[in-house]
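Welcome, and thanks for taking a look at this one. Below is a short tour, grouped by topic, to read alongside the structure.

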Amino acid sequence: MTQVDQVDTAPRPRRGVELVLLLLALIIGVGAKFMVAVTMEEPITPAYYVATGVFAAVALAFHVVLRLRAKYADPFVLPIVVTLNGLGIAMIHRLDLSSGGDPVEPRQLLWTVVSAVAAMVLLWLLRDHRRLRQLTYISLVVSLILLVLPLIPGLGMSVNGARIWVNLGFASFQPAEIGKITLAVFFAGFLANSRDLILLAGRRIGPMQLPRARDLGPLFIAWILAIGVLVVQNDLGNSIMFFGLFMATLYVATSRLSWILIGLALVAVGGVLAVVTVPHVGQRVDVWLHAFDPEIYNREFGGSLQIVQGLFGLANGGLAGTGLGGGMPDRVPLANSDMIFASFGEELGMVGLGAILMLYLLLFSRFMRAGLGTRDAFGKLLAVGFAMVLVLQVFVVLGGITRVIPMTGLATPFLAAGGSALLANWLIVALVLLVSHAARRPIVVGPMVNATGESAAGTESPARQAPTHTAPRPTAPTDDAAGGAR
Amino acid sequence: MSELAVTVLQFGLLLLLWILILSIVGAQGRDLMVSKKSRASTAAARSARASSAPAEERGSTSTPHAGVQRPRPRTLAVTDGPLAGTTLELGSAPIMMGRAQECTLVLDDDYASGKHARLFPQGSRWFLEDLGSTNGTWLAEEQLTRASTVEPGDPIRIGKTVLELRT
C-alpha cells in the first residue's frame with residue numbers, strides 16, 4: 001500500500017491529462033453551439049468557424065501558458081472552466097437567435113477572450129501567489145474603492161434598481177466583481193497573519209472566547225463597509241456572497257464554531273431588518289413566498305413573472321430536456337444572465353443541469369484541494385475563499401431560481417452573460433491555479449546559499465562536524481550536498 | 001436534418017457532458033484522499049518508531065547499519081503543531097524551515113523564528129542546523145548547538161511544531 005501511495009504522491013505535472021480533457025471540453029462547448037444552429041435550422045456561416053477557432057485558440061493558449069509557467073497546476077480546472085464557458089456562449093447565442101434583438105454572444109465571446117488573456121497575463125507575471133500577501137492592506141483599500149465607485153454621481157449607474165454599475169463610456173462594468181477577489185485576498189492575508197492572535201488573545205466569557213477588538217477590528221470594518229455599501233446599492237446577492245466569504249474564511253482560519261453561530265445570528269438580524277426597512281428586499285421576499293399569487297405575478301415592476309416562467313421552463317425541460325434550441329427559454333426575462341440556469345434546465349433537462357452542477361462541484365473540490373495541498377496559510381485561505389465565492393454564487397443563483405431562497409441576481413460563474421463577472425472568475429481561476437501549482441510542485445529549490453556562514457553562532461560546518469559524531473563516514477558527500485555545505 | 005438525427009445529437013451532447021465528468025473523476029483517482037493517507041502513514045511511522053525505540057539507546061558510535069549504504073529519508077512529516085499532518089517530499093536540496101515566506105517549509109508557528117533551521121543532505125543522511133533562532137531547535141529532547149544528523153523518527157521540535165523524517 002505504501003508503495004502505491006508513494007507512486008501516487010510523486011509530483012506529476014499531468015498536463016497531458018489536461019490536454020485530453022480540454023479537447024473533450026472544447027468538443028462539448030463548440031459542439032453545443034453548432035447544435036443550436038442545427039436544431040434551429042440556422043445556416044452555419046463562416047462566423048461560426050471564426051468564433052470556434054478563437055475560442056479553441058484561447059483555451060489552448062491557456063494550456064500552453066500553464067505548461068510553460070505553472071507546470072504542476074491542477075489539470076482539471078481548465079477543462080471544467082472551458083466547458084462551462086463554452087456552454088454559456090452556446091446558450092447565449094441560442095437566446096440571441098430567438099430574441100432577434102442586438103446579439104449578446106459576440107460581446108460574450110470578446111469578454112471571454114479578454115478575460116482569459118488577462119488570466120494568462122496574471123499567471124505569467126505573478127508566478128507565486130504568495131506575493132499577493134504583501135498586498136493585504138492595499139487590497140482592502142482597493143476593495144473599498146471598488147465598492148464605492150458605483151455610488152459616485154456621474155460614474156455609477158443604476159440598472160433594475162441595483163446601483164452596482166460603473167459606466168466607462170464604451171462599456172459598463174460591475175466593480176464589485178473584482179472587489180470579491182481583492183476582498184478574498186485581504187481576508188486571507190489578514191487572517192493568515194493574525195490567526196493565532198485572534199485565537200489566543202482575548203477574554204473568555206462562558207464557553208466562548210472573545211477576541212480583542214483590535215485583532216478583529218480591521219476585519220469587521222471591512223465587513224461592515226462591504227455590507228453597508230451593498231445595502232445602499234440594493235444588491236442583495238453580493239452582500240450574501242461577501243458575508244459568506246467572510247464567515248467561511250474566518251471559520252477555516254480559526255475553526256471556531258461559535259463564531260459561525262454569532263455570524264448566523266447577525267445574518268438573521270440583518271435579514272429581518274432589511275426585509276422590513278428596504279422596500280427592494282421586502283419585494284423580493286414577497287415574490288419568493290407568494291410567487292404564484294396572481295396579484296404578485298401580474299405586478300408591473302418587481303413581480304414574480306420571471307421566477308414563475310423560469311419554473312415552468314424547468315418543468316418543461318423534464319428529465320432529458322427539449323434539446324438545445326428546442327425549448328422556449330426566451331420567454332423568461334433575463335434568460336441569458338440571471339436566469340441562465342432555467343434556460344439550461346429547460347433545454348438540457350435534469351440530466352444536463354445535473355451535469356452542469358456536477359462540474360461546479362468538481363471545480364469547487366479542485367479549489368478546495370488546492371487549498372488543502374498548499375503549505376502556506378495564506379494560500380490555503382485564499383483558495384478556500386475563492387472556492388466559497390464560486391459555490392456561493394452558484395447556490396444563490398440556483399436557490400433563487402428554484403425558490404429555495406429569495407431571488408437575488410448574481411452572475412452564474414462562467415455561464416451567464418456579463419463581462420465583469422467573466423473577467424473576475426477567470427482571474428480567480430488563474431490565482432487558484434497558481435496556488436495548486438505551489439501545492440503540487442516538488443520541493444526542488446536551487447542550491448541554497450548557506451544563510452549563516454561558518455561564523456554564525458551555534459553552527460559549524462557540517463562537513464567537518466559529521467565524522468566526529470556519526471559512525472564511519474557514510475559515503476563521500478554528493479556534489480550538490482557538498483555545494484550546500486561549503 | 002431529420003428530427004431523429006437531431007435528437008440523437010442532443011442526447012450525444014448530454015452523454016459527452018457526463019463522459020467528461022466521469023473522466024475527470026476517474027483521472028483524479030485517489031487525489032482527494034488526503035486525510036486517510038496521512039493518517040495511515042502517521043500510524044505506520046508511529047509503530048516503526050516504537051519498534052526501533054530500544055535501538056535508540058545505542059551509543060553514538062555504533063550504529064547497526066554502519067557502513068551499509070541506506071537510502072536517504074525522503075519525507076519530512078509534521079507530526080504536531082499548527083501544520084500537523086503536512087508532509088514534504090525531500091529531494092537532494094537543502095530545506096529551510098521558519099516563518100519567513102521564502103522558507104521551503106513555511107512554519108505557521110508563533111514560536112518559530114523567520115529563518116529557524118536548515119535541513120540539508122549529506123551522503124545518506126540529513127543534517128539539521130539551527131540558524132540562530134530565538135527559541136532554539138530541539139532534536140530528540142536535546143537542544144541543537146551544532147549541526148547534527150537526524151535519523152528517521154527522531155522528533156525535531158521547532159517552537160510548537162514537531163517534525164520527523166521518514167524513509
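Let us start at a proline: B:Pro94 sits in the loop that joins strand E2 (87-89) to strand E3 (95-98) of chain B. Please keep in mind that this is a predicted model. From that loop, the tour moves through the sheet of chain B and then over to the helices of chain A.

**Around B:Pro94**

- B:Pro94 has a relative accessibility of 7%, under the 20% cut-off, and so it counts as buried.
- B:Thr104 lies ten residues away from B:Pro94 along the chain, and the C-alpha atoms of the two are separated by 8.7 Å.

**Chain B as a whole**

- Chain B contains two helices and eleven strands.
- Following the sequence, the pattern reads α-α-β-β-β-β-β-β-β-β-β-β-β.
- Of the 167 residues in chain B, 44% are buried.
- Chain B exposes about 8,000 Å², and 56% of this comes from carbon and sulfur atoms.
- Taking contacts in chain B between residues at least 6 apart in sequence, 42% of them join residues at least 24 apart.

**The five-stranded sheet of chain B**

- Five strands of chain B make an open sheet in the order E4-E3-E5-E6-E9, and their pairing is mixed.
- Strand E4 (105-106) and strand E9 (148-150) of chain B are at the edges with a single partner strand each, so one side of each has no neighbour in the sheet.
- As background, strands of a sheet pair through backbone hydrogen bonds, in either a parallel or an antiparallel way.
- Strand E5 (residues 117-122) and strand E6 (residues 125-130) of chain B are antiparallel partners, joined over six bridges.
- B:Trp126 has B:Val150 in E9(B) as its bridge partner.

**A closer look at strand E6 of chain B**

- Six of the six residues of E6(B) are buried, so the strand is largely enclosed by the rest of the structure.
- B:Arg125, B:Phe127 and B:Glu129 point one way from E6(B), while B:Trp126, B:Leu128 and B:Asp130 point the other way.

- B:Thr75 belongs to strand E1 (residues 75-80) of chain B, and at 13% relative accessibility B:Thr75 counts as buried.
- Beyond its neighbours within four places in sequence, B:Thr75 has contacts that include B:Thr87, B:Leu88, B:Glu164 and B:Leu165.
- B:Ala140 lies in the loop between strand E7 (137-139) and strand E8 (142-143) of chain B.
- Although B:Ala140 is not a glycine, its phi is positive, at about 50 degrees.
- With a relative accessible area of 35%, B:Ala140 is partly exposed.

**Helices of chain A**

- Helix H2 (residues 15-39) of chain A has 25 residues and should span 36 Å at 1.5 Å a residue; its end C-alpha atoms are 35 Å apart, which agrees.
- Just after H2(A), A:Glu41 has a positive phi of about 55 degrees.
- The loop between helix H15 (377-401) and helix H16 (419-440) of chain A holds A:Arg403.
- A:Arg403 is not a glycine, yet its phi is positive, near 60 degrees, and with a relative accessible area of 27% A:Arg403 is partly exposed.
- The 22 residues of H16(A) should span 32 Å at 1.5 Å a residue, and the end C-alpha atoms are 31 Å apart, which agrees.
- H16(A) is mostly covered, with 21 of its 22 residues buried.

**A nonpolar patch on chain A**

- A nonpolar surface patch is formed by A:Val64, A:Leu68, A:Val117, A:Val121, A:Trp124 and A:Leu125, which together have about 540 Å² of accessible area.
- Helix H3 (46-69) and helix H5 (105-126) of chain A each supply at least two residues of the patch.
- H5(A) gives the largest share, four residues.
- A:Val64 is found in helix H3 of chain A, and at 42% relative accessible area A:Val64 is partly exposed.

Technical notes
Residues are numbered from 1 along each chain as its sequence is written. Chains are lettered from A and ligands numbered from 1 in the order in which they are written. This is a predicted model: local features need pLDDT of at least 70, side-chain atom pairs count only at pLDDT 80 or more; totals for chains, interfaces and linings use all residues. Side-chain values use heavy atoms; hydrogens and water are left out. The expected span of a helix is 1.5 Å times one less than its number of residues. Two strands pair if DSSP finds at least two bridges between them. Buried means under 20% relative accessible area, exposed over 50%, partly exposed in between (1.4 Å probe, protein chains only). Contact means heavy atoms within 4.5 Å. Accessible areas come from the Shrake-Rupley method with a 1.4 Å probe; for residues, only the protein chains shown count as cover. Patches are made of residues with over 30% relative accessible area and no salt bridge: like charges are joined within 9 Å, nonpolar side chains (Val, Leu, Ile, Met, Phe, Trp, Tyr) within 5 Å. A salt bridge is a side-chain nitrogen of Lys or Arg within 4 Å of a carboxyl oxygen of Asp or Glu.
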